[in-house]
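I opened this notebook to keep track of what I looked up, one topic at a time. The entries follow the order in which I went through the structure.

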Amino acid sequence: MLTANKLSKTYGGVPALDALDLEVPAGEVFCLLGPNGAGKTTTLSLFLGFTRPSSGAAYVGSAHVEPDPIGARRRIAYVPEQVQLYPHLTGCENLAYFLGLSQARVPPSAELSRLLTAAGLPEGAVRRPASGYSKGMRQKVVLALSQAKSASALLLDEPTSGLDPGAVRELCAAIRREGDRGAAVLMVTHDLGAVASIAHRIGVMKAGRLVEITSAAGLSEAEVLSLYRRHFDPPGDAAPPLPPRGTAPAAPAPQALS
Amino acid sequence: MRALFTAARHEAIRAFRNRTFRIAAALVAALLVAAFLLEAARHTGEARQRAALQELVHRQWVDQPDRHPHRAAHYGSFAFRPPSPLGFFDPGLESFAGTSLFLEPHQRNALSFSEAAQSSELARFGTPSAAFVLQVLLPLLIFCMTFASVAGEREAGTWALAISQGVDARALIAGKALGTLLAVALWLAPLLALALAGAMLTGVLDASGDTLVRAALLGGGYAVYLTACTALGVLVSSFHRRAQGALLTLLGLWVALWIVVPRLATQAASRLHPTPSRAQVELDLARAIRDVGDSHDPGNPHFQELQRRTLAKHGASRVEDLPVNYGGVVMREGEKVTTALFNDYYTRLFDAHRAQDGLALQAGLFTPLLAIRSFSMGLAGTDAHHLVDFEQQAEAHRYAFIQHLNQLHITRIRWHNDKAQRVDRAEWSELSPFEHRRPPAGWALSRVAPAGLAVLAWAAALSLGVALFTRRHGEAS
């Protein structure tokens, strides 16, 4: 569903993304890891057509993003890191507005409410102005939007940053539901716990290059951390070998403060 | 199209849910209502007073005793300028132009007794008018509504989310402009419709087809003008990444284009095409009359030739033997000569005024305010064209009136003992009072068409600017 063919982007001669080849099929949750500046957000921007590639091509389904960014975006639901809604509109109205812009059918108000509550928004909040929404609630509106417009692809940029553990859990469940619905999910994150809980595959990016793609099936958070450290810890400070599956590492004993 | 209307509807909702907009719109509406009521009261009072005065001077004219026609001519009459029906909306030059003309022989007088000269309140405070509110204050309100329309969304982060829905940025921005216009129209249109209906019901405005055509054209002109203002607001907002920057730019543009440039343009127009002062006009005319010849001077070549022709026509050798009163013939000829002189002089004066107006109109290419001001005054019937038309009608009436009396002098008064004779007072009622025929809407439109086109050009250029700029830069970044 999401395809990148030798996708590259340079800013002032400096490569931000270097010949990315990637395929995220429908129903898969693909998490991109990497430090800041690795090219993760650039990848999302290229799929959204917010920026033009220096070379290569990005596709959303059959839509080639560069010549047809509008067609590509209509198949996408996008959750930016700082997701913002219109504060003067209620959750329902925000959802109806974005659906109207996407040319999708705008269902009746009751159906919109149902979509929002199904995405995890408390019932009492559905008809309240979004000015009082938390980040998690705002994200749920966009996830409801993804479902309402039957988005083929869901792009998320650092969705868990600033969320409390409960909200992260709810968000992960909602993302998983989107994958189960058949959406191709591409999530950029630093949250290794979230990656471990929802990813089907993990990609590691370093200096604009996708240096590793691995299956996330059965990986624990510690194993994801180990994978990450293998690429980014300084030489000589490499991560310890992964413990055998099913044995959690013992927590270090608390040290007394002197 | 659906995205356009979705964006427009959202923008209108955003405006109405914004407390600042509601307060500002209420203030502007209150100003409009106050302007309508004050101007309607002033307009009605003036219209009644001038009609009453026109009737009074005619009654006084008719009530004259038996008199020598030339003495009656010097008794004179007045032509009162009736206020234009739509003057209550846009008074234009109404308050500053004279209200009446004294009609007398040998002299073409200028309009006198302006309201501003007679009213200390008017001179000190001016008058608020609905046109002023729409021309100057409403654009400011529109700028306050539009400055954050794109820049504010970019700053807040909603722009990226909106664009990511697969909407053409041009449709989104056009929808924002349309929504702003819709929000303005939703409170302004009922107010204007009420004002129009109220003015018709109370008799401030006559319900003639001509007035309605003028009102409809004014409505169209202001709609285009407000479209231009909205497009400017949205365009500036789309240039900026921060709402504050957009607001500062728009406020700067408002001060420059709505306050400074119009002042500079009128100053430049009067410097480049100067018109003489009233004292200078009178001095110049007195000199010109002296040069062309004085009908009272027996040695004047022009009048010597007139005498020769008149005697030859009637086969007489002396003026005393003529079957007509030669004194009246001289008066008739003198009036003809001085009128031609006055007409020539006033034509040049009005040409200078037109040159000033033309220059101001050219400046209208730099600010939409000058263009809409000319268009609005022209269709409201309160611009210089309508004043000149009144003066020309009054002058035509004066000339016919004086020449009628000269004809009485020629035919009813004998040469011998001329000044001691009288004509019957019944003659006075033969002369009808001055009645101003208001030029039709088509006439007014033909004179303000360049200004209307300038307003249209502003709206088209800014809308095109929005489309072109958005195509290149309307994406999320």
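**Domains of chain A.** I began at the interface of domain 1 and domain 2 of chain A, across which the rule finds one salt bridge, a salt bridge being a side-chain nitrogen of Lys or Arg within 4 Å of a carboxyl oxygen of Asp or Glu. I noted the pair A:Glu170 and A:Lys140, which form a salt bridge with their closest N and O atoms 2.3 Å apart.

**How to read the entries.** I am working with a predicted model, in which local features need pLDDT of at least 70 and side-chain atom pairs count only at pLDDT 80 or more, while totals for chains, interfaces and linings use all residues. Residues are numbered from 1 along each chain as its sequence is written, chains are lettered from A and ligands numbered from 1 in the order in which they are written, and side-chain values use heavy atoms, with hydrogens and water left out.

**Domain bounds.** I looked up the division of chain A and found domain 1 at 1–75 + 155–240 and domain 2 at 80–151, bounds that come from an automatic or database domain assignment. The centres of domain 1 and domain 2 of chain A, taken over C-alpha atoms, are separated by 24 Å. To their contact, meaning heavy atoms within 4.5 Å, domain 1 of chain A brings 15 residues and domain 2 of chain A brings 17 residues.

I then looked up the buried area, which is the accessible area (1.4 Å probe) that two parts lose on being put together, summed over both. Between domain 1 and domain 2 of chain A it is about 1,300 Å², with 46% given by carbon and sulfur atoms. On the side of domain 1 of chain A, the residues that lose the most area to domain 2 of chain A are A:Arg74, A:Glu178 and A:Arg181, together 35% of what that side buries.

**Chain A against chain B.** Here I found 29 residues of chain A in contact with 24 residues of chain B. The two chains bury about 2,300 Å² between them, and carbon and sulfur atoms give 59% of that area. Of the area that chain A buries against chain B, A:Phe50, A:His88 and A:Leu101 supply 27%, more than any other three residues. The rule finds one salt bridge across the interface of chain A and chain B, and I noted that the side chains of A:Glu93 and B:Arg17 meet in a salt bridge at 2.7 Å, N to O.

**Cavities.** Last, I asked how many cavities of 30 Å³ or more the structure holds, and the count is two. On a 1 Å grid over the protein atoms alone, a cavity is a set of points where a 1.4 Å probe fits but cannot get out, and lining residues have an atom within 4 Å of a point. Grid points are joined across faces, edges and corners, and a volume is the space filled by probe spheres set on the points.

The largest cavity has about 50 Å³ of space, and H16(B) gives the largest share of its lining, four residues. The second largest cavity has a volume of about 40 Å³, and H14(B) gives the most to its lining, also with four residues.

Terms used
On a 1 Å grid over the protein atoms alone, a cavity is a set of points where a 1.4 Å probe fits but cannot get out, and a pocket is an open set with protein on both sides within 12 Å along at least five of seven lines; lining residues have an atom within 4 Å of a point. Helices (H or I, at least four residues) and strands (E, at least two) are DSSP runs, numbered from the N terminus.
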